[in-house]
Amino acid sequence: MHIIKKALCIAGAGLMMSSCAQTSELPGNGRPGDLWPKAGITYEIFIQSFYDTDNDGIGDIKGVTEKLDHVVELGVDAIWFMPLMPSPSYHKYDVTDYKAIHPDYGTMEDFKQLIEKAHKNNIKIVIDMIINHTSDEHPWFMEAKKGRENPYRDYYVWAHKDTIADHINKKKTTLDSDNIRQWHDPGEGEDYYYGFFTGGMPDLNFDNSAVREEIYEIGRYWLEEIGVDGFRLDAAKHIYPDDRPDDNHAFWKAFRAEMEKVKPDVYLVGEVYDMKEVVAPYLPGLPALFNFDFHYTLLDAYKETDGHKLVERQIEILSYYNNITDDFIDATFSSNHDQPRLLSSLNGDRMKAKQALAILMTMPGAPYLYYGEEIGMLGEKPDEHIREPFLWDVETKDTGRTTWIAPKHSTDKTVTPLAQQKDHAESFFSHYKQVIQLRQSSKVLTLGDLQAAAVDTPKAIMAYVRSYQGEKAHVFHNISDQEVEIEQPEGVTDVLYQLESAILSHKKIKLKPYSSIILK
């Protein structure tokens with residue numbers, strides 16, 4: 001009988017068994033940057049809630065720079081910043097100036113210094129680009145409202161109220177918007193303007209070539225003059241109305257071509273919140289797309305104790321995308337700024353949350369992590385409370401904790417601050433570091449294909465095989481609250497990783513509740 005003790009087995013990091021040393025290591029230093037962008041890990045930051053250096057209660061760019069070591073220690077490849085441009089709202093998804101930094105966050109010089117330090121640490125920088133709409137306080141819209149003859153009128157979409165009478169108060173909600181009304185009265189006459197999300201976010205008119213060129217120029221500015229590595233493109237399927245998907249696809253191809261003229265390796269990840277059949281045609285223009293199916297199927301798997309569901313779904317999606325192009329990046333995630341935090345979605349079950357990370361990091365793709373997940377932060381709708389302040393230390397010592405909002409979910413009573421987690425092997429933070437290191441040091445887990453399990457498993461077991469250049473890793477997760485026994489795959493004896501206790505005996509693997517094991 002071979003008893004596997006509760007410990008993490010990672011190649012090159014505190015090896016527990018000689019077999020671990022045989023794991024293929026990545027080229028170079030095996031650290032972030034080597035995998036970018038195909039299989040790299042990105043850390044999403046809401047600056048407002050991250051770290052405050054000027055005591056105004058709001059996080060700032062200097063705060064990110066000061067805490068960059070935390071991101072480096074975590075072991076990720078890149079940072080995605082939620083909007084950082086001037087805006088009248090706290091979330092800043094309604095821009096008033098596309099070539100500036102919100103004054104609450106600092107200056108453009110602060111941001112350039114952050115990029116320089118990040119690049120020295122092999123960390124890429126991706127910023128949110130919101131081009132479907134502007135703020136209704138943007139100078140373009142302020143001009144457009146003045147009348148039909150204004151040169152900026154055609155920067156937006158307008159219609160006389162009589163021609164859209166049937167549409168003014170009729171709209172079905174969509175996956176990415178609960179807004180019921182799309183046409184809005186500016187109070188300046190009989191013309192209404194189109195705003196898919198809200199009246200405060202008027203849609204730009206991309207049938208206007210001047211608008212398209214404005215957007216291209218904004219992209220060039222951030223790539224050339226500021227030095228970012230790419231963009232997260234908000235509301236990517238709403239450049240044109242939903243009944244014009246072909247025009248949406250064509251625009252993103254053109255946008256990609258224009259950005260690649262400036263930066264051939266520019267990274268573009270799109271938010272297309274829909275079924276795979278709707279998402280896939282965007283791939284030629286947006287080589288990386290968020291996999292919302294992964295997020296929801298993972299949560300459903302736990303709700304239904306169905307370990308087969310996610311594997312089957314991912315194989316289906318990846319196969320579908322590969323039929324369109326083999327040059328795509330599957331941006332997987334377990335939570336983000338729009339969805340309830342992972343631990344809250346799993347009803348506060350810490351074992352499930354730790355295992356969910358192990359699933360995310362052992363599946364193919366380029367995973368995204370949301371700030372605060374690494375310390376077990378909590379959060380539920382409304383959105384403000386999914387974006388609560390990061391807890392760096394206990395409140396009496398946490399001089400940089402932001403105070404722009406009073407947290408309802410992530411407080412010292414519900415979340416152990418980072419400083420208290422660092423020296424504890426069982427903490428969320430230690431677990432995140434370990435599992436990220438596991439992924440970053442293994443070619444098969446980062447670059448390998450996904451296949452169905454080599455052995456039959458009961459419904460409670462999520463089982464799959466990762467394959468790369470002749471190497472295979474057999475992955476098993478027991479997502480139930482009962483111990484489960486499965487057959488050991490033929491010819492597989494070495495342990496690459498395990499979460500919680502596992503017993504390998506007489507060609508059987510015994511998995512305790514919410515335990516995981518990887519064999520090779």
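**Figure 1. Glu-304 is partly exposed, with 40% relative accessible area.** Here "buried" stands for under 20% relative accessible area, "exposed" for over 50%, and "partly exposed" for anything in between (1.4 Å probe, protein chains only). Before we go on: this is a predicted model with residues numbered from 1 along each chain as its sequence is written, and side-chain values use heavy atoms, leaving out hydrogens and water. Local features need pLDDT of at least 70 and side-chain atom pairs count only at pLDDT 80 or more, while totals for chains, interfaces and linings use all residues. Which side chain does Glu-304 meet in a salt bridge? It's Lys-309, at 3.0 Å from N to O. A salt bridge here is a side-chain nitrogen of Lys or Arg within 4 Å of a carboxyl oxygen of Asp or Glu. Lys-309 is partly exposed too, at 26%.

**Figure 2. Helix α9 covers residues 292-304.** Helices (H or I, at least four residues) and strands (E, at least two) are DSSP runs, numbered from the N terminus. With 13 residues, α9 reaches 18 Å from its first C-alpha to its last, close to the expected 18 Å. That expected span is 1.5 Å times one less than the number of residues. Look for the buried residues of α9, among them Phe-292, Phe-294, Leu-298 and Tyr-302. What covers them? The cover includes β10 (288-290), α10 (308-322), α11, α12 (350-362) and β14 (461-468).

Figure 3. Contact means heavy atoms within 4.5 Å. Setting aside neighbours within four places in sequence, Leu-343 is in contact with several residues, including Arg-350, Ala-353, Met-377 and Phe-428. With residues up to four places away not counted, Ser-344 touches Leu-378, Gly-379 and Glu-380. For a sense of scale, Leu-343 and Leu-450 are 107 residues apart in sequence, and their C-alpha atoms are 26 Å apart in space.

Figure 4. Side chains of opposite charge can pair when their charged atoms come close. The count for the model comes to 33 salt bridges. One of them joins Glu-73 and Lys-422 at 3.0 Å, N to O. Glu-73 is partly exposed at 30%, and so is Lys-422, at 39%. Now find Arg-387 and Asp-338, whose side chains meet at 3.2 Å, N to O. Arg-387 lies in the loop between β12 (368-370) and α13, and Asp-338 in the loop between β11 (329-331) and α11, so this pair ties together parts that are 49 residues apart in sequence. Arg-387 is buried at 3%, whereas Asp-338 is partly exposed at 23%. There's also a network of salt bridges linking Lys-99, Glu-213, Glu-217, Arg-220, Glu-258 and Lys-261.

**Figure 5. Helices α4 (108-120) and α6 (209-226) pack at about 65 degrees.** Their axes are 11 Å apart. Axes are lines fitted to C-alpha atoms, for helices over the stretch in contact, and angles run from 0 to 180 degrees between N-to-C directions. Met-108, Phe-111, Lys-112 and Ile-115 of α4 meet Tyr-221, Trp-222, Glu-225 and Ile-226 of α6. By class, this contact has 6 nonpolar, no polar and 2 charged residues. Nonpolar covers Ala, Val, Leu, Ile, Met, Phe, Trp, Tyr, Cys and Pro, charged covers Asp, Glu, Lys and Arg, and the others, Gly among them, are polar.

**Figure 6. An open sheet of 5 strands runs β13-β14-β15-β20-β17.** Two strands pair if DSSP finds at least two bridges between them, and the pairing in this sheet is antiparallel. The edge strands, each pairing on one side only, are β13 (449-452) and β17 (495-499). Neighbouring strands are turned by 20 degrees against each other on average, direction ignored. Between β15 (471-478) and β20 (516-519) there are 4 bridges. Which residue in β20 is the bridge partner of His-474? That's Leu-519. Helix α14 packs on the sheet, touching β17 and β20.
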